[in-house]
Amino acid sequence: MKSLHVSLVTPFNSLFEGDVASLQLPLWDGLIGVFPDHAPMLAVIGFGPCTLKLPNGSVESFVLDAGFLEIEKNKVTILASGADYVADINVEKEKKNLEAAHAMEVHSQEDREMKEDRTRSALARIKLAGG
C-alpha cells in the first residue's frame, strides 16, 4: 500500500513525522484531501482541522493556525504558525482567548489582521474540541 510521508511542524515544535494513508486539512479557500501520488503543489493553509489517517486505520487529529503546505513526490510538509492535538485543547482557555481577541483595539491594518487571526484560531479550537 502506498503512503505519504508527512511532517507537521510549527516554529516551536514538531507535532508529527511519519507515514499516512491520507490527510485532510484546511486551505484558505476550503478543505483539501491528499492521497498518495498527489500532484506537486504549494498552498496557503487556513485555520481548522487537520486529519491524518494512518496506514493501520487509526486517525491523528490536529488544529492548524495558518501556514504553508508543500506536496512533492509523496512527501508532505505542513509548516503551521501554530498547531495542537485536538485532544489537548482547553476549551475554557480558548474561550478566554476569544474574548481577548474580541476586546483587542484596532489601530492599524496589522492590528486588524492579528485580531482576525486570533479570533479564527480560538473559534477553530473551540469548535473542534466540542465547546
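Predicted model: local features only at pLDDT ≥ 70, side-chain atom pairs only at ≥ 80, totals over all residues.
**Entry 1: the core**

I started with the largest nonpolar core, which has 24 residues. I asked which members touch the most other members, and I found V6, L23, L25, L64, L69, V76 and I78. A reminder to myself: in soluble globular proteins, nonpolar side chains tend to be buried together.

**Entry 2: the aromatic rings**

How many aromatic pairs does the structure hold? I counted three. For each pair I wanted two values, since a pair of aromatic rings is described by the distance of the centres and the angle of the planes.

F16 and F62 make an edge-to-face pair, with 6.5 Å centre to centre and 70 degrees between the planes. I traced F16 to strand 2 and F62 to strand 6, so this pair links distant parts of the chain, 46 residues apart. Are F16 and F62 buried or exposed? Both are buried.

Next I turned to F62 and Y85. Their ring centres are 4.6 Å apart and their planes stand at 40 degrees, so I wrote this pair down as tilted. F62 is in strand 6 and Y85 in strand 8, so the pair ties together parts that are 23 residues apart in sequence. I checked the accessibility as well: F62 has 0% relative accessibility and counts as buried, whereas Y85 is partly exposed at 27%. Taken together, F16, F62 and Y85 form one aromatic cluster.

**Entry 3: helix 2**

Helix 2 covers residues 109-128, which is 20 residues. I took its reach from first C-alpha to last as 29 Å, close to the 28 Å expected at 1.5 Å a residue. Which residues of helix 2 are buried? I noted T119, S121, A122, A124, R125 and I126. What covers these buried residues includes strand 5, strand 6, strand 8 (83-85) and helix 1 (91-103). Just after helix 2, I spotted G130 with a positive phi of about 80 degrees.

I stayed with R125 in helix 2. R125 has a relative accessible area of 4%, and the cut-off for buried is under 20%, so R125 counts as buried. Its contacts, not counting residues up to four places away in sequence, are V63, D65, G82, A83, D84, I89 and E94.

**Entry 4: the largest pocket**

Strand 8, helix 1 and helix 2 each supply at least two residues of the lining. Which element gives the largest share? My note says helix 1, with five residues.

**Entry 5: a loop residue**

Last, I looked for N74 and found it in the loop between strand 6 and strand 7. Not counting residues up to four places away in sequence, N74 touches S3, L4, H5, P36, D37 and H38. I also looked up D29, which is 45 residues from N74 along the chain; their C-alpha atoms are separated by 23 Å.

Note on methods. Residues numbered from 1 in each chain as written. Heavy atoms only, no water. Core = buried A, V, L, I, M, F, W, Y, C linked by side-chain atoms within 4.5 Å. Buried < 20%, exposed > 50% of the residue type's maximum accessible area, 1.4 Å probe, protein only. Helix = DSSP H or I, 4+ residues; strand = E, 2+ residues; numbered from the N terminus. Expected span 1.5 Å × (residues − 1). Contact = heavy atoms within 4.5 Å. Phe/Tyr/Trp six-rings, centres within 6.5 Å; stacked < 30°, edge-to-face > 60°.
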